[in-house]
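Dear colleague,

Please find below the structure I promised to hand over. My notes on what was found in it follow directly after.

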Amino acid sequence: MGSSLTATCTVSPERGLHANTMYWTLNGKRLPSSTYGLLSTNGLSVTLHRLNGSQQQSGDNLVCHSRDGHVLAGSCLYVGMPPEKPVNLTCWSRNTKDLSCKWTPGGRGETFIKTKYTLKYKLRWYGRERECEDYSTGKRYTCYIPRDLALFTPYEIWVEASNQLGTATSDVITLDILDVVTTDPPDNVHVSRVGELEDQLTVRWGSPPALKDFLFQAKYQIRYRLEDSTEWKLVDDVGNQTSCRLAGLREGTVYFVQVRCNPVGIYGSRKAGIWSDWSHPTAASTPHSEPLQSGSCDPKSGEQNSTLRRELKQFFGWVRKHACGCSGMSIKLYDQWRVWLQKSHKTRNHVGKNNIPFISVPAQHRLHGYAP
């Protein structure tokens with residue numbers, strides 16, 4: 001790119017053609033006569049300055065024509081750049097059974113001519129150099145090695161880029177398959193209500209079945225969103241448990257929930273692990289709260305008076321602030337409050353002197369610092 005090129009077209013005198021009657025085209029477009037040079041009565045040249053990159057992968061067609069348009073001669077030009085060093089080479093293994101690698105072309109990534117990328121690998125201390133053969137993953141600059149991989153032995157992996165103008169090689173990375181394992185998303189994800197608690201859902205899932213025979217410590221993440229929203233909220237403190245309580249949700253609302261897994265420390269590996277894809281979204285809805293019955297001073301079973309609702313809302317605010325994740329202590333305290341509340345409706349609701357309903361709260365359950 002940026003260079004100049006001169007081409008000549010010379011016809012046999014027996015053809016009876018004069019150079020003044022000839023012309024040039026590039027990719028079917030006639031070139032201006034100002035670029036021509038008359039060499040002889042039967043020879044015509046053309047000079048192209050500051051060439052741009054090829055417009056076609058098959059090359060640019062430079063053709064010499066007679067007056068009637070007949071093709072006299074032609075060349076295929078490849079105008080481009082030599083490849084630059086590939087960068088950002090990363091690899092991962094799904095369930096230790098295979099290896100996939102991806103990379104980024106160096107520089108601007110556009111060479112304007114056909115450039116071949118070859119992923120190469122070999123065992124670090126012995127073994128012959130091998131080439132990855134499956135580039136049909138549907139993603140550019142990615143290759144897939146489906147089998148015949150060794151565990152507990154590091155590999156050296158690199159990428160070579162080549163075209164008609166040059167060759168470039170990436171840095172060599174060294175990895176052990178066990179250090180780059182990812183897994184299938186968690187299966188059997190179930191989301192269910194927590195009794196009649198209108199602001200909570202329970203999520204349960206199964207551990208990766210493909211890794212059941214491996215020693216590892218899994219980590220999980222949950223994300224969830226409202227049905228009519230595209231914004232996900234992440235719960236990052238799930239650890240290695242396979243269930244979690246989501247709190248501080250909206251009542252009577254549909255939520256979509258997903259889970260993903262990170263298999264950490266397979267057979268003692270000290271690498272951080274690679275997160276799986278997210279599971280398919282699972283939907284569930286929180287219950288609607290029971291409406292208050294107006295005009296009655298004798299609260300029936302399951303109903304609340306206005307004072308208690310104010311205190312409960314105050315407690316809900318505390319729960320949303322401190323228990324919107326998988327904090328066992330906060331959820332336990334919250335459940336204790338709800339159990340006490342249900343018992344209070346059955347045994348402690350009664351009418352005072354002025355027919356004003358009230359509830360007697362034991363000292364150990366009172367919310368200190370709150371003035372109703």
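Thr-282 is found in strand β23, which covers residues 282-285; strands here are DSSP runs of E with at least two residues, helices are runs of H or I with at least four residues, and both are numbered from the N terminus. Thr-282 is buried, because its relative accessibility is 17%, where buried means under 20% relative accessible area, exposed means over 50%, and partly exposed lies in between (1.4 Å probe, protein chains only). If its neighbours within four places in sequence are left aside, Thr-282 is in contact with Val-189, Val-191, Tyr-255, Phe-256 and Val-257; contact means heavy atoms within 4.5 Å.

Please note that this is a predicted model, in which local features need pLDDT of at least 70 and side-chain atom pairs count only at pLDDT 80 or more, while totals for chains, interfaces and linings use all residues. Residues are numbered from 1 along each chain as its sequence is written, and side-chain values use heavy atoms, with hydrogens and water left out.

Disulfides

The structure holds three disulfides, a disulfide being a pair of cysteine sulfur atoms within 2.5 Å.

The link of Cys-9 and Cys-64 is left-handed, with -85° about the S-S bond. Cys-9 counts as buried at 2% relative accessibility, and Cys-64 counts as buried at 0%.

Another disulfide joins Cys-91 to Cys-101, with an S to S distance of 2.1 Å. Cys-91 lies in strand β8 and Cys-101 in strand β9 (residues 99-104), so this pair ties together parts that are 10 residues apart in sequence. The torsion about the S-S bond of Cys-91 and Cys-101 is about 110°, and the disulfide is therefore right-handed. Cys-91 is buried, with a relative accessible area of 7%, and Cys-101 is buried at 0% relative accessibility.

A disulfide is also formed by Cys-132 and Cys-143, whose sulfur atoms are 1.9 Å apart. Here Cys-132 sits in the loop between β11 (130-131) and β12 (142-145), whereas Cys-143 is in strand β12, 11 residues apart. With -100° about the S-S bond, the link of Cys-132 and Cys-143 is left-handed. Both Cys-132 and Cys-143 are buried.

Two further cysteines may be of interest. Cys-76 counts as partly exposed at 37% relative accessibility, whereas Cys-261 counts as buried at 0%.

Salt bridges

How many salt bridges does a search of the whole structure find? The search finds six, with a salt bridge taken as a side-chain nitrogen of Lys or Arg within 4 Å of a carboxyl oxygen of Asp or Glu.

Among them is the pair of Lys-85 and Asp-171, whose side chains meet at 2.7 Å, N to O. This pair links distant parts of the chain: Lys-85 is in the loop between β7 (71-77) and β8 (87-94), and Asp-171 is in the loop between β14 (166-169) and β15 (173-175), 86 residues apart. Lys-85 is partly exposed, because its relative accessibility is 39%.

Lys-120 takes part in a salt bridge with Glu-160 (2.9 Å, N to O). Glu-160 is in strand β13 (residues 155-163) and Lys-120 in strand β10 (residues 116-123), 40 residues apart, and the pair links distant parts of the chain. The side chain of Lys-120 also meets that of Glu-129 in a salt bridge (3.4 Å, N to O). Lys-120 counts as buried at 11% relative accessibility, whereas Glu-160 is partly exposed at 23% and Glu-129 is partly exposed at 42%.

Surface

Phe-152, Leu-215 and Tyr-267 make a nonpolar surface patch of about 350 Å². Patches are made of residues with over 30% relative accessible area and no salt bridge, with like charges joined within 9 Å and nonpolar side chains (Val, Leu, Ile, Met, Phe, Trp, Tyr) within 5 Å. Accessible areas come from the Shrake-Rupley method with a 1.4 Å probe, and for residues only the protein chains shown count as cover. Leu-215 lies in the loop between β18 (201-204) and β19 (217-226) and is exposed, with a relative accessible area of 60%.

With kind regards
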